[in-house]
Amino acid sequence: MLIYPSVESLLYYAQAHLLLDDLDVIWARNLLLDELRLHDYVQYEVDYDAIEALDRPDTVLEPLVSYAVENGIITEDKREYFAGKLMNIVCKRPAEVTDMFNDLHNRSAAKAFDWLYDYGIKSDYIKLTKISENLKWEAKGTRGKLEITVNTCRPEKNNKATAEALKTKNESYPACSICKENEGFAYGGQIRQTLRTVPLTLGGEEWFWQFSPYAYFNQHGIAVNSEHVPMKVDDATIVKLFDFVDFMPNYFIGCNAALPRIGGSVLTHDHFQGGAKQMPMHKAGTLVRLKSKEYPYIDMCIVDWYNSVLRLSCSNRAKLIEFAQKVNATWENYSDESVDIVAKTDEQHNAITPIVRKADDKYIIDIILRNNRTDKTYPDGIFHAHPEYHNIKSESIGLIEAMGLFVLPGRLARQTAEIEKYLTKEVKYSEANLAPDMVCHKAMIEKLLKEAGSGKLSPAEAKLNIKDEINRVCEEILVNTAVFKQDEQGRAAFLRFLAVLGVEAK
Ligand SMILES: [Zn+2]
């Protein structure tokens, strides 16, 4: 029977990469055999060196899953579920993972997080192969060196549905997709048998950390409140962000604004996002140097970035937190109708997106000022991506994108390939023949065709032109989200707001 070597391969893989104890091998083998509906066994030699060299389980896992499909043990649509079930047999349990993580953390926070991330990849929880299928590029021509990914792993979210979810009480179990109760849960779209979280204490509350299975960047994860309570950004939130970077000084951590259209896709459950990545906004320099009489030791500036960002840095944690809280409280109630900023109507509109990191023993907090008001001209948001850019991105612009890393919907991979054919003249463009899901790109296609002139482009040129156009649109979207535009009027308005905080240009 040819399947036995595959069973042996997975067991050896788990010994080599997942800390499967020698004493657990027979037990794990029998559980695997039961899942495969086999009741005898013949031990085979496998290529131990090759298995030790693997960086992910795909090649040892796939033959077992295919065997299950071919033998009618599972249907084709249950592949991911079954793979999770098998991996879970050979993985450490949550408490053992936490013990290991804490042991490592006592020596080095970076080592602990590196280990947990690697364990996530090795256990097939972090879908490295799927992530690598995403299109990804750095926008070289843009002012702020934006990074763009077309994410083929996750479905496109809808702002109205996100806002709606906030109103309706969810009776389902788990209450939402990031609840702690997802650990080991596997039903519907949530296949989380191998999810392993580790506990955090933030602001005296119980939280936990988990990596994202479809990471947007290196070691991308979320810190999540252990209770299913709605997102908020208040004084305590800022303390929690600082607690996080004390626990993990190598990561940035940020909290989305807690309002629809300018927040993340999950507003119903309090959480932060972070990871080991220097975001494009972090690399942006100073636009206006600032000073405060009350906080002379805090370095402050307006960041030279598309949207409206205040950067504060200081080694005195308590004072920096105090001032950041003041900025939050002041912005929450600040209106300036000359630049369309209305803090609240019958609902709250102003909110901040704070992002904290540490560098050279200094804390740095970037505070992005946001507003989610709508009007007749912009029913989706005055400071949201404007309608002419919704063919590229209509979802809410959360903190990852506000910092210049765009996560665009997967449909664009297919749609841009179609547009390419028009530019290379492989397919003749005509408005009447546009497929229904391509109609949204009409203006963009016609613009690109006009720019290309009468000749036909090579596939490489066509790809480049499309990317350049997407880069430009992403820049425009960020400008749309700026509450203070970078013109004379906007700059003056920004300084008027800062004056309320006792801050002026240096
Ligand atoms: Zn939840």
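Is the crossing of H2 and H5 right-handed or left-handed? The crossing of these two helices, H2 and H5, is right-handed, where right-handed means that the near helix is turned clockwise from the far one by less than a right angle, and left-handed that it is turned anticlockwise. The views below show a predicted model, in which local features need pLDDT of at least 70 and side-chain atom pairs count only at pLDDT 80 or more, while totals for chains, interfaces and linings use all residues. Residues are numbered from 1 along each chain as its sequence is written.

**View 1. Helices H2 and H5 in contact.** Helix H2 (residues 25–35) and helix H5 (residues 79–90) have axes that come within 9 Å and cross at roughly 165°. That angle makes H2 roughly antiparallel to H5, a label given to angles over 145 degrees. Axes are lines fitted to C-alpha atoms, for helices over the stretch in contact, and angles run from 0 to 180 degrees between N-to-C directions; helices (H or I, at least four residues) and strands (E, at least two) are DSSP runs, numbered from the N terminus. On the H2 side Ala28, Leu31, Leu32 and Glu35 meet Lys85, Leu86, Ile89 and Val90 of H5, two residues being in contact if their C-beta atoms, placed from the backbone, lie within 7 Å. By class, this contact of H2 with H5 has 6 nonpolar, no polar and 2 charged residues, where Ala, Val, Leu, Ile, Met, Phe, Trp, Tyr, Cys and Pro count as nonpolar, Asp, Glu, Lys and Arg as charged, and the others, Gly among them, as polar.

View 2. E1 and strand E2 (residues 147–151) run antiparallel and are joined by 4 bridges, with Trp137 standing opposite Ile148 in E2.

**View 3. The open sheet of 11 strands.** The strands of this sheet pair in the antiparallel sense and have the order E5-E6-E7-E9-E8-E13-E14-E12-E11-E10-E16. Strand E5 (198–202) and strand E16 (503–505) stand at the edges with a single partner strand each, so one side of each is left without a neighbour in the sheet. From one strand to the next the twist averages 25°. Helix H12 (residues 317–332) packs on the sheet, where it touches E12, strand E13 (350–359) and E14, and its direction makes about 5° with that of E14.

View 4. E5 and E6 pair in the antiparallel sense over 5 bridges, and Leu202 stands opposite Glu205 in E6. The hairpin of E5 and E6 has 2 residues between the strands, and in this hairpin Gly203 takes a positive phi near 60°. Strand E6 (residues 205–211) also pairs with strand E7 (residues 221–225), in the antiparallel sense and over 5 bridges; the bridge partner of Phe208 in E7 is Val224.

View 5. Strand E12 and its partners. Of the 6 residues in strand E12 (residues 309–314), 5 are buried, so that the strand is mostly covered, and a residue counts as buried if 20 or more other C-beta atoms lie within 10 Å of its own, as exposed if 12 or fewer do, and as partly exposed in between, with C-beta atoms placed from the backbone. Strand E11 (residues 299–303) pairs with E12 in the antiparallel sense over 4 bridges, and the two form a hairpin with 5 residues between them. The bridge partner of Cys301 in E12 is Arg311. E12 is joined by 6 bridges to strand E14 (residues 362–371), the two running antiparallel, and Cys314 has Tyr363 as its bridge partner in E14.View 6. Arg37, in the loop between H2 and helix H3 (48–52), has a positive phi near 55° and is exposed, with 10 other C-beta atoms within 10 Å. Asp124 has a positive phi of about 70° although it is not a glycine, and counts as buried with 25 C-beta neighbours inside 10 Å. The peptide bond from Tyr173 to Pro174 is cis, with omega near -15°.

Key. Parallel < 35°, antiparallel > 145°, perpendicular 65-115°, else oblique. Pairing = 2+ DSSP bridges.
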